[in-house]
Amino acid sequence: MHRAARFEDLAHAALERWLRRRGWSPRVVPFTGYGTDGWVRVLARVLLAPPETRSYELRLGRGWRRFLTATAAGVRVRVEVGGRTHEVVSSRGGYVDAVLNAELPPGWAEARMSAEGAHPASARLRIIGQDIGLGVVSDIDDTVIVTALPRPLLAAWNTFVRHETSRRPVRGMATFYREVERDHPEAPVLYLSTGAWNVAPAIDQFLARHAFPPGPLLMTDWGPTPDGWFRSGREHKRRELRRLLDELPQVRWLLVGDDGQHDPEIYAEAAEATPEQVRAVAIRQLSAAEQVLTHGTPEPIPERGARRHRDRVYEEVRASDGFGLLSALRSRGIL
């Protein structure tokens, strides 16, 4: 294991021992999961908290407070879902990411999760039917929320300092997704981001406040990995998208992102590899000013490996906001 990861594990273990001596104990902070016929993927994080602290209270931290968390690895977590009881163990960073057997009907369901006798917490689950026609995978940064990532100073300001209610949605995107939801009520929406799991509760609040469809968040961890100092956001997106395509072959996906980072390249790779599973790619085009804020130049990041327009085996539309993307998709008969 990389020395940075070893150091992080030692630091977390020392902090956990110190806090447990003072009466702190594990609490499960659940995230929205998903599943289909016969199984569910449950997502959560185990944090240490003072006595009598409920899981929902740990979700309320704002700004930099969200990153001052004491995680607990190796904790046994009881999961009740679909009439069955399972036991899983939290991994490095306190994460729970497990696929469990469960028979649940399509739609929304719930799992109950608890650790070491603490009050159970409820996790929502989006169960995706076998006869579904369309699903949406959406980026978050500069696709749903105006963030100007990945410039470090701006990203730090948006993540650690700025109040949630001052964050702005990208124009027209909530309307775009609500129209998709209206035309395809069974379509799940999953949000794929390179953001840290620490901000997932705040993202959930933002989506609800601006009337975006609810859905699972697929975030990442900003800490050291067993192989290096930092995780690759690009590889995280590739891995999670590939997993969705493998796990849910019955879904034809609408992949939505922006051209400020590497979404066009990642989505093109997925569409080229499995054209029968990608209905279309929708790319929000950043303005020249937004491109400068995002990566320092007024032009989009060059795409590698994507076919030219005339050679593409998948549909792609581009526009500057959600209204334009919706209009383009409808004009082509995709929605």
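Let us begin with E240, which sits in helix 6, residues 233-247; helices here are DSSP runs of H or I with at least four residues, strands are DSSP runs of E with at least two, and both are numbered from the N terminus. Please keep in mind that this is a predicted model, in which local features need pLDDT of at least 70, side-chain atom pairs count only at pLDDT 80 or more, and totals for chains, interfaces and linings use all residues. Residues are numbered from 1 along each chain as its sequence is written, and side-chain values use heavy atoms, with hydrogens and water left out.

Is E240 buried or exposed? Its relative accessibility is 9%, so E240 counts as buried; the term buried means under 20% relative accessible area, exposed means over 50%, and partly exposed lies in between, with a 1.4 Å probe and protein chains only. Setting aside neighbours within four places in sequence, E240 contacts R41, L192 and L218, where contact means heavy atoms within 4.5 Å.

K237 also belongs to helix 6. With 4% relative accessibility, K237 counts as buried. Again leaving aside neighbours within four places in sequence, K237 is in contact with D139, L192, S193, T194, D263 and I266. The buried residues of this helix are H236, K237, E240, L241, L244, L245 and E247.

As for the length of helix 6, its 15 residues should span 21 Å at 1.5 Å a residue, and the end C-alpha atoms are 21 Å apart, which agrees. The expected span is 1.5 Å times one less than the number of residues.

Seven strands form an open sheet in the order 4-3-6-7-1-2-5, with mixed pairing; two strands pair if DSSP finds at least two bridges between them. At the edges are strand 4 (84-89) and strand 5 (95-102), each of which pairs on one side only.

Strand 7, residues 121-127, has five of its seven residues buried, so it is largely enclosed by the rest of the structure. What joins strand 6 to strand 7? Seven bridges do, and the two strands run antiparallel. Within this pairing, M113 has A121 of strand 7 as its bridge partner. The hairpin of these strands has five residues between them, and there E116 takes a positive phi near 50°. Strand 1 (residues 25-36) pairs with strand 7 in the parallel sense over three bridges, and R126 in strand 7 is the bridge partner of Y34.

Finally, strand 3 (residues 76-81) pairs with strand 6 in the antiparallel sense over four bridges, with R78 opposite S114 in strand 6.
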